[in-house]
Amino acid sequence: MAATGFIAVQGAVSALDHLTGRSTALEAEWLAKTQSGDPLPRATYLMLLTQVVSDAQTDMTTLIGIEATGTGYARQPVPWLSSDVGSRMSSTSDLVQFGPFADPTGLAAPVTGAALVTRMVSPVGQPTGLCLMSWNLETPISTSQNQALQLTPGALTMTLAVT
């Protein structure tokens, strides 16, 4: 799966706040998850998208409207490799699997991308959490009944470019 990615506005703000020593929206999100009893408050999740996104669209309100749907679909936790000292890059460290999808057509629409978010679920009509980064696939992926969609280790990469 070839994909091109970009940091979301909230992800960029959190990175800049971190670099300048300010408290971040991401820290507030982790605190809120801790206080609500989330057993993995710093976990990030991958959501599949059915429309190509741009950086102007990467907020949770918009993403909820284009998230993949289908029986067997759920956001998945994403394991990331620790970056080396001085490195500003990380990639997925393990297999990430969605499905298998039980609907006769698999997912309702082809998958065109993914977004890295801070919540495993968002209540209907009440998008919660932050979008940190998103990726658009070079080629949309359609699924069929009983098929699973898998991302191999290293399939997604995050790079913080500082000049």
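Modeller: We will go from the overall fold to the core, then to ring pairs and salt bridges. Keep in mind that this is a predicted model.

Colleague: Start with the fold. How many helices and strands does the protein have?

Modeller: Three helices and nine strands. From the N terminus, the order is β-α-α-β-α-β-β-β-β-β-β-β. Then look at contacts along the chain. Among contacts with a separation of 6 or more, 72% join residues 24 or more positions apart.

Colleague: And burial? What share of the residues counts as buried?

Modeller: Of 163 residues, 35%. The protein exposes about 8,700 Å², and carbon and sulfur atoms supply 56% of that area.

Colleague: How do I read the core?

Modeller: The general idea: in soluble globular proteins, nonpolar side chains tend to be buried together. Here the largest nonpolar core has 33 residues. Leu-46, Leu-48, Leu-63, Tyr-73 and Phe-98 have the most contacts inside it. Helices α2 and α3 each give two or more residues to this core, as do strands β2, β5, β6, β7 and β8.

Colleague: Now the rings. How many aromatic pairs are there?

Modeller: Two. In one, Tyr-73 and Phe-98 are stacked, 6.0 Å centre to centre with 10° between the planes. Tyr-73 sits in the loop between α3 and β3 and Phe-98 in strand β5, so the pair ties together parts 25 residues apart in sequence. Both Tyr-73 and Phe-98 are buried.

Colleague: Why do Trp-80 and Trp-135 count as stacked?

Modeller: Planes under 30 degrees apart count as stacked. The planes of Trp-80 and Trp-135 are at 20°, with centres 6.3 Å apart, so this pair qualifies. Trp-80 is in the loop between β3 and β4, and Trp-135 is in strand β7, 55 residues apart. Trp-135 is buried, at 3% relative accessibility.

Colleague: What about charges?

Modeller: Side chains of opposite charge can pair when their charged atoms come close. The whole structure holds three salt bridges. Arg-119 and Glu-29 meet at 2.5 Å, N to O. That bridge links the loop between β6 and β7 to helix α2, across 90 residues. Arg-119 is partly exposed at 21%, whereas Glu-29 is buried at 9%.

Colleague: Which residues form the other bridges?

Modeller: Asp-38 and Lys-33 meet at 4.0 Å, N to O. Asp-38 is partly exposed at 24%; Lys-33 is buried at 1%. Glu-67 and Arg-75 meet at 2.9 Å, N to O. Both Glu-67 and Arg-75 are buried.

Note on methods:
Residues numbered from 1 in each chain as written. Predicted model: local features only at pLDDT ≥ 70, side-chain atom pairs only at ≥ 80, totals over all residues. Heavy atoms only, no water. Phe/Tyr/Trp six-rings, centres within 6.5 Å; stacked < 30°, edge-to-face > 60°. Helix = DSSP H or I, 4+ residues; strand = E, 2+ residues; numbered from the N terminus. Buried < 20%, exposed > 50% of the residue type's maximum accessible area, 1.4 Å probe, protein only. Contact = heavy atoms within 4.5 Å. Areas by Shrake-Rupley, 256 points an atom, 1.4 Å probe, with all protein chains shown as cover. Core = buried A, V, L, I, M, F, W, Y, C linked by side-chain atoms within 4.5 Å. Salt bridge = Lys/Arg side-chain N within 4 Å of Asp/Glu carboxyl O.
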